[in-house]
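Please read it with the sequence and the model at hand.

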Amino acid sequence: MASILSGSFHHVRNCHMSCINIRLLRFSSGKYILDQCNTRSLTTRAQLTREGPQNGTPESIKLHIGKVEVVKPHIEPIQCYPALPNEEKLEAKMNRPATILVFDLETTGANSPGERIIEFAARNLMGGRNSTFQTLINPEIKIKNSYIHGITNSMVDRPRVPRIEDVIPLVMEWVRIQQEPGKPVVWLAHNGKTFDFHFFLREMSHCGYDIPDDWRFFDTLPLAKRLVDPTGKLKGRSIKELCKHFNIIVNEPAHRAMADVNMLSLIYQCLTISQEFTSLNLIEKSLMASDIKWKPRSER
């Protein structure tokens with residue numbers, strides 16, 4: 001597989017960026033290896049802009065740092081259909097039935113209406129410029145589980161870290177740019193049906209947004225439960241255990257949103273190929289927002 005450079009992409013006006021994280025995906029000795037490196041720290045003002053045609057190819061997003069215009073590196077697509085001959089593979093890519101967005105959240109606690117999102121990350125599996133989105137979020141309540149993800153109140157309780165009300169509109173704009181014309185969007189998460197989907201839909205509603213009719217949601221956990229190892233079963237179906245099963249070596253911190261998104265993108269590729277799970281199967285098995293029984297936001 002070609003090397004993949006994935007940058008942390010912050011669509012946040014007046015946002016503080018402690019660093020720009022660059023992640024490198026490489027294939028070596030039969031293993032996928034996901035690395036991370038950091039550039040120097042900086043403080044900046046970020047602005048979301050669009051360029052490109054209004055119809056056809058999705059527009060691109062540029063991030064302005066001071067007076068210097070920075071364009072995030074191109075990201076190669078991840079194959080998300082079974083291995084096919086070259087002619088059929090090209091046809092499959094040209095006839096993708098949906099835009100697939102892998103996403104992950106970090107939160108202040110378990111799935112409860114009183115808990116909040118503190119980090120959001122997403123990635124378009126088709127790659128391309130600006131195909132990732134990541135930001136910390138100020139939950140405006142105390143974080144009780146920093147021991148899991150390493151995100152503390154001091155990291156998010158800053159004037160320039162956005163609130164969820166600032167982030168959701170930018171997520172909507174990013175999705176609009178990523179979405180292929182006339183095709184639905186499928187949000188893909190691991191254990192999403194009992195966790196990520198609930199938080200996401202709850203905060204969308206809180207911010208006054210209706211879920212678009214062409215959005216779908218797919219939980220990769222049931223797909224992973226079909227797997228067996230030589231002993232007849234797997235020890236677990238967590239992202240960490242699935243990386244072990246598929247020989248994906250990770251050099252990124254666990255339980256950070258973009259790290260989990262990158263790992264799940266590779267896991268999903270392996271799942272679809274090993275189980276001959278096609279993009280059409282994905283559409284058939286995906287959920288409507290109305291299928292997800294989430295509870296409205298409440299105070300802790």
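Predicted model: local features only at pLDDT ≥ 70, side-chain atom pairs only at ≥ 80, totals over all residues.

## An edge of the sheet

Strands β8 and β9 run antiparallel to each other and are paired over 5 bridges. Within this pairing, Glu119 stands opposite Leu136 of β9.

Strand β9 is mostly covered, since 5 of its 5 residues are buried. The cover extends to both faces of β9: Thr132, Gln134 and Leu136 are buried on one side, and Phe133 and Thr135 are buried on the other. This arrangement may be read alongside a general point, namely that in a regular strand the side chains alternate between the two faces of the sheet.

## The sheet as a whole

Strands β8 and β9 belong to an open sheet of 5 strands, whose order is β9-β8-β7-β10-β11 and whose pairing is mixed. The edges are formed by β9 (132–136) and β11 (215–219), and because each has a single partner strand, one side of each is left without a neighbour in the sheet. On average, and with direction ignored, neighbouring strands of this sheet are turned by 25 degrees against each other.

Further along the order, strand β7 (residues 99–107) pairs with strand β8 (residues 117–124) in the antiparallel sense, over 7 bridges, and here Val102 stands opposite Arg123 in β8. The pairing of β10 with β11, by contrast, is in the parallel sense and covers 5 bridges, with Asp219 in β11 as the bridge partner of Ala189. Strand β11 has 4 of its 5 residues buried, so it is largely enclosed by the rest of the structure.

## The helix on the sheet

Which strands does helix α5 touch where it packs on the sheet? Helix α5 (residues 196–206) is in contact with β7, β8, β10 (185–189) and β11, and its direction makes about 90 degrees with that of β7. Together with β10 and β11, α5 makes a right-handed β-α-β unit.

Just after α5, Gly208 takes a positive phi of about 85 degrees.

Is Arg123 counted as buried or exposed? This residue, which has its place in strand β8, has a relative accessibility of 3%, and therefore counts as buried. The side chain of Arg123 is joined to that of Asn262 by a polar contact of 3.0 Å.

Ser286 is found in the segment after α9 (279–285) and, because its relative accessibility is 12%, also counts as buried. When residues up to four places away in sequence are not counted, Ser286 touches Arg216, Phe217 and Phe218. Between Ser286 and Phe217 there are 69 residues of separation in sequence, while their C-alpha atoms are 5.3 Å apart in space. A polar atom of the Ser286 side chain also lies 2.8 Å from the backbone oxygen of Ile283.

## An exposed loop residue

Asp157 lies in the loop between α3 (153–156) and α4. At 56% relative accessibility Asp157 counts as exposed, because the cut-off for that class is over 50%. Asp157 and Asn138 are 19 residues apart in sequence, and the distance between them in space is 5.8 Å, C-alpha to C-alpha.

## The chain overall

The secondary structure of the protein chain comes to 9 helices and 12 strands. The chain has 300 residues, of which 51% count as buried.

How much of the contact pattern joins residues at least 24 apart in sequence? Among contacts in the protein chain between residues at least 6 apart, the share that joins residues at least 24 apart is 68%.

Notes:
Residues numbered from 1 in each chain as written. Heavy atoms only, no water. Pairing = 2+ DSSP bridges. Helix = DSSP H or I, 4+ residues; strand = E, 2+ residues; numbered from the N terminus. Axes fitted to C-alpha atoms, helices over the stretch in contact; angles between N-to-C directions. Contact = heavy atoms within 4.5 Å. Buried < 20%, exposed > 50% of the residue type's maximum accessible area, 1.4 Å probe, protein only. Right-handed = clockwise from strand over helix to strand, strands pointing away. Polar contact = N/O pair within 3.5 Å; in protein donor to acceptor, adjacent residues only side chain to side chain.
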